[in-house]
Amino acid sequence: MQKNYVSPDYMKDSFTCPHCGTLSLMNYVKVNYFRGKYQNTTDKYNGTGTNWIFIATCQNCKKQIVWIDKIYVYPDIIAEEANSDMPDSVKQLYNEAGLIYNKSPRAACALLRLAIDRLCNELGETDRDINKNIGALVKKGLPETVQKALDVVRVVGNKAVHPGQIAFDVDDKNTAIMLMRLLNIIVERMITEPKEIDSLYQGLPESVKNAVENRDKK
């Protein structure tokens with residue numbers, strides 16, 4: 001997710017457009033069908049009752065964003081793009097969850113827990129107990145704070161939910177967003193950063209690399 005990301009909200013004058021990804025001003029119109037007639041207003045705070053359609057138009061790309069009775073319906077939003085280094089088998093689950101988290105956060109959380117379990121496998125941790133897999137990743141450099149955060153969202157710990165299952169008491173939109181962020185953090189720390197460091201090392205002059213390797217043999 002971009003640093004200045006502002007989630008779409010029919011009460012905001014500007015937010016990050018889900019079509020073009022730009023933090024943009026929005027123009028609003030509200031439409032309601034009442035007693036056989038359509039009513040509309042450009043005042044998003046005006047109007048009471050149900051069956052209101054909120055339509056925001058992005059001033060950058062001119063495309064529309066829609067809510068019905070204050071519930072977001074269009075277009076689908078991925079809260080945070082998957083890290084480009086995320087393994088394909090994990091990214092498939094991540095993207096599917098990202099497309100439905102706004103409409104079905106519980107289903108999205110189930111997919112994301114499965115994605116975290118699969119990511120552990122992709123990183124070489126194949127124990128059936130995800131607690132042990134995450135613990136092994138911590139020993140390899142994953143921050144302990146990530147492990148604690150995974151405990152909060154019931155991925156690890158005594159109250160963990162099995163991968164792919166739903167925690168009906170805690171799984172909501174915010175949990176889904178946190179799970180997506182944690183997946184990206186794990187990929188960043190365990191795949192992206194080592195790859196970038198290796199790339200920097202490979203870019204050193206051969207004489208320097210030889211000196212380092214010879215030093216390490218002593």
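A residue counts as buried when its relative accessible area is under 20%, and this cut-off is used in each legend below for a model that is predicted.

**View 1. The cysteines C109 and C120 are both buried.** With a relative accessible area of 2%, C120 falls under the 20% cut-off and therefore counts as buried. C109 is likewise buried, its relative accessible area being 0%. A disulfide is a covalent bond between the sulfur atoms of two cysteines, and a search through the whole structure finds zero disulfides.

**View 2. Y10 and W67 form an edge-to-face aromatic pair.** A pair of aromatic rings is described by the distance of the centres and the angle of the planes. For Y10 and W67 the centres lie 6.3 Å apart, and the angle between the planes is 65°. Because Y10 belongs to the segment before β1 (14–16), while W67 sits in strand β5 (residues 64–68), the pair ties together parts that are 57 residues apart in sequence. Y10 counts as buried at 13% relative accessibility, and W67 is buried with a relative accessible area of 2%.

**View 3. W67 also pairs with Y72.** The ring centres of W67 and Y72 are 5.6 Å apart and their planes meet at 85°, so this pair is edge-to-face. Y72 is buried too, with a relative accessible area of 11%.

**View 4. Ring pairs link five named residues into a cluster.** The cluster joins Y10, F15, F54, W67 and Y72 through ring pairs, and the structure as a whole holds four aromatic pairs.

Notes:
Residues are numbered from 1 along each chain as its sequence is written. This is a predicted model: local features need pLDDT of at least 70, side-chain atom pairs count only at pLDDT 80 or more; totals for chains, interfaces and linings use all residues. Side-chain values use heavy atoms; hydrogens and water are left out. Rings of Phe, Tyr and Trp (its six-membered ring) pair if their centres lie within 6.5 Å; planes under 30 degrees apart count as stacked, over 60 as edge-to-face and the rest as tilted. Helices (H or I, at least four residues) and strands (E, at least two) are DSSP runs, numbered from the N terminus. Buried means under 20% relative accessible area, exposed over 50%, partly exposed in between (1.4 Å probe, protein chains only). A disulfide is a pair of cysteine sulfur atoms within 2.5 Å.
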